[in-house]
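Dear colleague,

I am passing on a structure that will be new to you, and I would be glad if you could look through it alongside the notes below.

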Amino acid sequence: MTQRPYIVGNWKMNGSRTMLAEARSIDRAAQRYPDVEIALAPPFTLIDALREAVSAIGVGGQDCHAEVKGAHTGDVSAAMLADIGADFVIVGHSERRRDHKESNAAVRAKAKAALAAGLGVILCVGETLAERDAGKAEAVVGKQIDGSLPKGEGIVEAIAAARLAIAYEPVWAIGTGRVAAIEDVIAMHAAVRARLIAAFGDSHAKVRILYGGSVNGENAGALLAAEGVEGALVGGASLTADAFLPIIAAASRPID
Ligand code: PGA
């Protein structure tokens, strides 16, 4: 059975309590699209309140620490996210790889910790513009996938339970208004799929591959119709219901 498209809003370092009203509007509208899985990842400060405010959509974090607890000032563990009712966490976002020098190994450890805590994981990968221009995009993303996919005990079960998604987000497309060409998106999603098949065998089908990078109400239809695109990770256009709902509508397929 094919899975529902997955549309996830990443609020990044945006959001105050007044924005809970947007989350409520998104949640109310989400009930009209049962064929789409919808979620929001607000900053840590709003997860608890947003969890209380919504019922139809998933709620997640934007990062987690790889350890369960301990002396890591300022960090939040996957177990702590699970404890306040989060459903999932984003790991390896390019802004974290850049701002916090997160390596593939660090991202893998976070993904593993999140799965062990019972959370879903959205693992992000993507090349820079210089890497794409040098013809290295697939090699770079392949290396990120191979280096950061969770491995080891309990992982196959978590994958089979559809708790892992990959977000392909070309770094140069994030927050820039520049979207990757559809044929490049299709090619990269196929390349990522090949890595997932190699890593997980038949269970690969349970891992959705999302596209991210300047997705909006205008381009979402074409992106989500592209072969191998099973959802979207949306930044700027997820901050208001008015901007986010057309993307959800684009993911919803008319029932035959
Ligand atoms: P953007 O961000 O939609 O604002 O480009 C996407 C992301 O970074 O997840």
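A polar contact here is a pair of N or O atoms within 3.5 Å, and with that cut-off in mind, a backbone N or O atom of Gly235 lies 2.8 Å from an oxygen atom of the ligand. Please bear in mind that this is a predicted model.

In total, 13 residues surround the ligand, and the closest are Lys12, His93, Glu169, Gly175 and Ser214.

I then turned to the packing of helices. Helix α1 (residues 20-30) and helix α11 (residues 241-251) have axes 9 Å apart and pack at an angle of about 25°, which means that α1 is roughly parallel to α11. The crossing of α1 past α11 is right-handed, and the contact brings Glu22, Ser25, Ile26 and Ala29 of α1 to Ala241, Phe244, Leu245 and Ile248 of α11. The residues of this contact comprise 6 nonpolar, 1 polar and 1 charged.

The second pair is helix α7 (residues 137-148) with helix α9 (residues 182-200), whose axes come within 10 Å and cross at roughly 35°, again with a right-handed crossing. Among the residues that meet there are Val141 and Ile145 in α7, and Met188 and Arg195 in α9. By class, the contact of α7 with α9 holds 7 nonpolar, 1 polar and 3 charged residues.

Notes: Residues numbered from 1 in each chain as written. Predicted model: local features only at pLDDT ≥ 70, side-chain atom pairs only at ≥ 80, totals over all residues. Heavy atoms only, no water. Axes fitted to C-alpha atoms, helices over the stretch in contact; angles between N-to-C directions. Helix = DSSP H or I, 4+ residues; strand = E, 2+ residues; numbered from the N terminus. Parallel < 35°, antiparallel > 145°, perpendicular 65-115°, else oblique. Left-handed = near helix turned anticlockwise from the far one by under 90°. Contact = heavy atoms within 4.5 Å. Nonpolar A, V, L, I, M, F, W, Y, C, P; charged D, E, K, R; others polar. Near = heavy atom within 4 Å. Polar contact = N/O pair within 3.5 Å; in protein donor to acceptor, adjacent residues only side chain to side chain.
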